[in-house]
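Please keep the sequence and the structure in view while reading.

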Amino acid sequence: MSKKKVVIGMSGGVDSSVAAWMLKEQGYDVVGLFMKNWEDDDDSEYCSTRQDWIDAASVADVIGVDIEAVNFAAEYKDRVFADFLREYQAGRTPNPDVLCNAEIKFKAFLDHAMHLGADLIATGHYARVRQNGEKFELLKAVDHTKDQSYFLHRLNQSQLSRTLFPLGEIPKTEVRQIAEKLALPNAAKKDSTGICFIGERPFREFLNRYLSYKPGPMKTPDGKVVGEHVGLSFYTLGQRKGIGVGGMKAYKNPDGSSDAWYVARKDVAENTLYIVQGHDHPWLLSSTLRADQASWIASEAPSPRALSAKTRYRQADVACTLDYDAAPEGDSDFALRFMEAQWAVTPGQSVVLYDGDVCLGGGIIDSSTTS
Ligand SMILES: Nc1ncnc2c1ncn2[C@@H]1O[C@H](COP(=O)(O)OP(=O)(O)OP(=O)(O)O)[C@@H](O)[C@H]1O
């Protein structure tokens, strides 16, 4: 029987390098594919694409697999970056890495791999796929500290049925050990952080180039104007640094100290930014949320029941109840009620639902309430 052909996304990072090696060990016919999703223009200071390609190609050479490069910069701009800008312009805080998986890594990439004659695709994500009868399930990685299912929650049955995640079963420490044992040229490379096209560059300066912005008042909950914001798009809920009221001592604790200020609300219609003093201010806590753009891995919506959720990556799962009847306001698709109030639930971010280790899918946070 001929070997199954797997096209794996090789980013030049340690994870996808080790994943490619594992697939080869497992007997697959492995081909690496390096994607370029962002044109460098004048960004070369912050963009490591050239070095990443060199790393991916040298790893492919060491483990003995073919590799090629493909440019999805146009698709990325149309399907991910345009949405990212629209969301920021509307005062929300989007998560482009979620959309990148749904539209680029598991759509444009998948289509391209199929044209190359692949049976399956693979990435170095930390997550697992399990077949359960006719259905494919997305599970958290065994290494919960690295689990990336949050970013993969918009994948569907067709995508999951053709995907392998070789790293889902092993801890990150073992991945590093394998890279060292094989003397991979990138064994000591740092993990990438942040949104891929922004990288390490100053965020506000980057957004400035693409968005129109209008300064407006910064107010406290009682309506007092305490400053001016530079444009609502440049702030996110729960933000503490960069508000520019650090020295403001208007509200003191009984002991004379003053707590930090946080962004708590954006009123887009009034172009007003509300800030509150103290990490646990009631305006920063939500007991319910509404979400839209629901996407369910099993194709159908889960039954309303007690589940757990993450309203941001790297957050411990929180107990909640899924409810559809509570959602009909606006375009909301579902509502959640949390057992314990959640801090800085942020419109535009993904909310992802879990039943134990099984990721059920999720939606985009539309609004939240304190009551
Ligand atoms: N430029 C790229 N070309 C091809 N595949 C990519 C690229 N960027 C990411 N991927 C794939 O998506 C997976 C997850 O991407 P992410 O940016 O989260 O990388 P990571 O966890 O730092 O992994 P790595 O160490 O492989 O870069 C990677 O392991 C890889 O398979």
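In this predicted model, a polar side-chain atom of S11 lies 2.6 Å from an oxygen atom of the ligand, one of the polar contacts tabulated here, a polar contact being a pair of N or O atoms within 3.5 Å (within protein, one must be able to donate a hydrogen and the other to accept it, and residues adjacent in sequence count only if both atoms are side-chain atoms).

| Protein atom | Ligand atom | Distance |
|---|---|---|
| S11, polar side-chain atom | oxygen | 2.6 Å |
| S16, polar side-chain atom | oxygen | 2.6 Å |
| G124, polar backbone atom | oxygen | 2.9 Å |

The ligand taken alone exposes 580 Å², and the protein buries 83% of that, with accessible areas from the Shrake-Rupley method and a 1.4 Å probe. The elements that give two or more residues to the shell around the ligand are α1 (14–25) and β2 (29–36), where helices (H or I, at least four residues) and strands (E, at least two) are DSSP runs numbered from the N terminus. Of the 16 residues around the ligand, G9, S11, S16, M35 and G124 come nearest, a residue being near if one of its heavy atoms lies within 4 Å.

Residues are numbered from 1 along each chain as its sequence is written, and side-chain values use heavy atoms, with hydrogens and water left out. Local features need pLDDT of at least 70 and side-chain atom pairs count only at pLDDT 80 or more, whereas totals for chains, interfaces and linings use all residues.

Strand β2 also belongs to an open sheet of five strands in the order β3-β2-β1-β4-β7, with parallel pairing; two strands pair if DSSP finds at least two bridges between them. Its edge strands, β3 (66–71) and β7 (163–164), each pair on one side only. Within this sheet, β1 (residues 5–9) and β4 (residues 120–122) are joined in the parallel sense over three bridges, and A122 in β4 is the bridge partner of I8.

Elsewhere, β8 (residues 216–219) and β9 (residues 225–229) run antiparallel and are joined by four bridges, with P217 opposite E228 in β9. Five residues lie between the strands of this hairpin, in which G223 takes a positive phi near 90°. Strand β8 also pairs with β11 (residues 272–277) in the parallel sense over two bridges, and K219 stands opposite Y274 in β11.
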